[in-house]
Amino acid sequence: MILNIPDTRQSTLAQRLMNGQQIVAAEAAQEFGVSLDTIRRDILALEAEGKAHRVRGGAVPIVEPALPFHMRLEGGNGPNQKLIQAAINEIGAASTLIIDGGLTGLSVVKHLPAQERRLVMTPSPWVAITCQERGIEVFLLGGTLSPQGGIATGDQAISNLGEVAADIVILGACGIDAEFGLSYDDHGEARMKKAMSRAARRTLVITDNSKINRRARHRTLPLSEIDVIVTDAQQDILKPFIDLGTMVTRPDD
């Protein structure tokens with residue numbers, strides 16, 4: 001492979017971004033034996049093609065907006081069950097939970113042990129119904145239903161969160177990056193999830209490796225406001241998060 005040809009370099013970099021890897025410009029310049037300015041031009045070209053999101057020092061993958069929740073629900077592809085079990089282990093005996101919507105929140109509730117006096121608060125009608133089916137006490141946070149994640153959003157829903165307190169909030173992710181933090185595709189959902197985090201003592205984010213080092217459209221929480229990330233990503237990919245002091249739990253640890 002001749003790496004001094006722009007198309008070849010850019011194709012290699014684009015493939016890495018598609019695989020969820022972050023591009024560090026200085027490292028890429030050294031690897032390919034070209035100048036830092038050359039790599040910067042490559043990144044600009046990839047960004048113009050919609051294949052990269054340029055950041056200070058390099059680039060991160062572009063996150064494609066997820067399908068509406070009802071379409072993803074029909075697909076039936078939920079999170080890895082080992083990942084969900086690792087999250088449930090982190091939840092432990094916490095008695096008051098705020099649980100996000102989407103396939104992640106729904107999967108957590110389907111496997112959450114019922115215990116006396118446990119209350120789940122949720123903006124998701126699907127999560128609320130599943131709680132009732134399993135005999136778990138539930139408080140539905142009402143508002144305007146977002147089609148993207150299938151959760152209540154808007155000023156009324158955020159106001160409802162100002163009147164409650166929980167031990168732990170469990171959030172899914174559209175993207176999570178060491179510099180940009182937790183992010184979501186929909187602005188209304190991003191606002192809601194920020195309010196959910198503020199209503200809980202601890203914030204737990206569950207995400208598979210495809211969302212690591214990716215940035216969705218709307219920044220929601222910095223890493224400093226996330227207590228635990230539960231993910232199946234490899235240790236080397238998680239190093240930037242660990243270096244910043246974020247607690248990371250993997251199913252195999």
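What is the volume of the second largest pocket? The space amounts to about 530 Å³. The structure is a predicted model, in which local features need pLDDT of at least 70 and side-chain atom pairs count only at pLDDT 80 or more, while totals for chains, interfaces and linings use all residues. Residues are numbered from 1 along each chain as its sequence is written, and side-chain values use heavy atoms, with hydrogens and water left out.

Rolling a probe the size of a water molecule over the atoms shows where empty space is left. On a 1 Å grid over the protein atoms alone, a pocket is an open set of points where a 1.4 Å probe fits, with protein on both sides within 12 Å along at least five of seven lines; a cavity is a set from which the probe cannot get out, and lining residues have an atom within 4 Å of a point. Grid points are joined across faces, edges and corners, and the volume is the space filled by probe spheres set on the points.

The second largest pocket is lined by 22 residues, of which Gln-22, Ile-23, Val-24, Glu-27 and Pro-240 are the closest to its centre. By kind, the lining divides into seven nonpolar residues, six polar and nine charged. In this count Ala, Val, Leu, Ile, Met, Phe, Trp, Tyr, Cys and Pro are nonpolar, Asp, Glu, Lys and Arg are charged, and the others, Gly among them, are polar. At least two lining residues come from each of β1, α2 and α10 (235–243); α10 gives the most, with five.

Buried means under 20% relative accessible area, exposed over 50%, and partly exposed in between, using a 1.4 Å probe and protein chains only. Just after the helix, Gly-33 takes a positive phi of about 70°.

After α7 comes Gly-135, whose phi is positive, near 75°.

Which strand holds Thr-122? Thr-122 sits in β5 (residues 119–122) and is buried, with a relative accessible area of 0%. Not counting residues up to four places away in sequence, Thr-122 touches Ile-99, Asp-100, Val-127, Ala-128, Val-138, Phe-139, Leu-140 and Leu-141. With Ile-99, the side chain of Thr-122 reaches the backbone oxygen at 2.8 Å.

Positive phi values also occur at residues other than glycine. Arg-117 has one of about 65°; it lies in the loop between α6 and β5 and is exposed, with a relative accessible area of 73%. Asn-213 has a positive phi near 65° and belongs to the loop between β12 (200–207) and β13 (218–221). Is Asn-213 buried or exposed? Asn-213 is buried, at 6% relative accessible area.

Lys-194, in helix α9 (residues 187–198), is partly exposed at 28% relative accessibility. Beyond residues up to four places away in sequence, Lys-194 touches Thr-220 and Leu-221. Leu-106 is found in α6 and is buried, with a relative accessible area of 7%. The C-alpha atoms of Leu-106 and Ile-242 are separated by 28 Å, the two residues being 136 apart along the chain.

Notes:
Helix = DSSP H or I, 4+ residues; strand = E, 2+ residues; numbered from the N terminus. Polar contact = N/O pair within 3.5 Å; in protein donor to acceptor, adjacent residues only side chain to side chain. Contact = heavy atoms within 4.5 Å.
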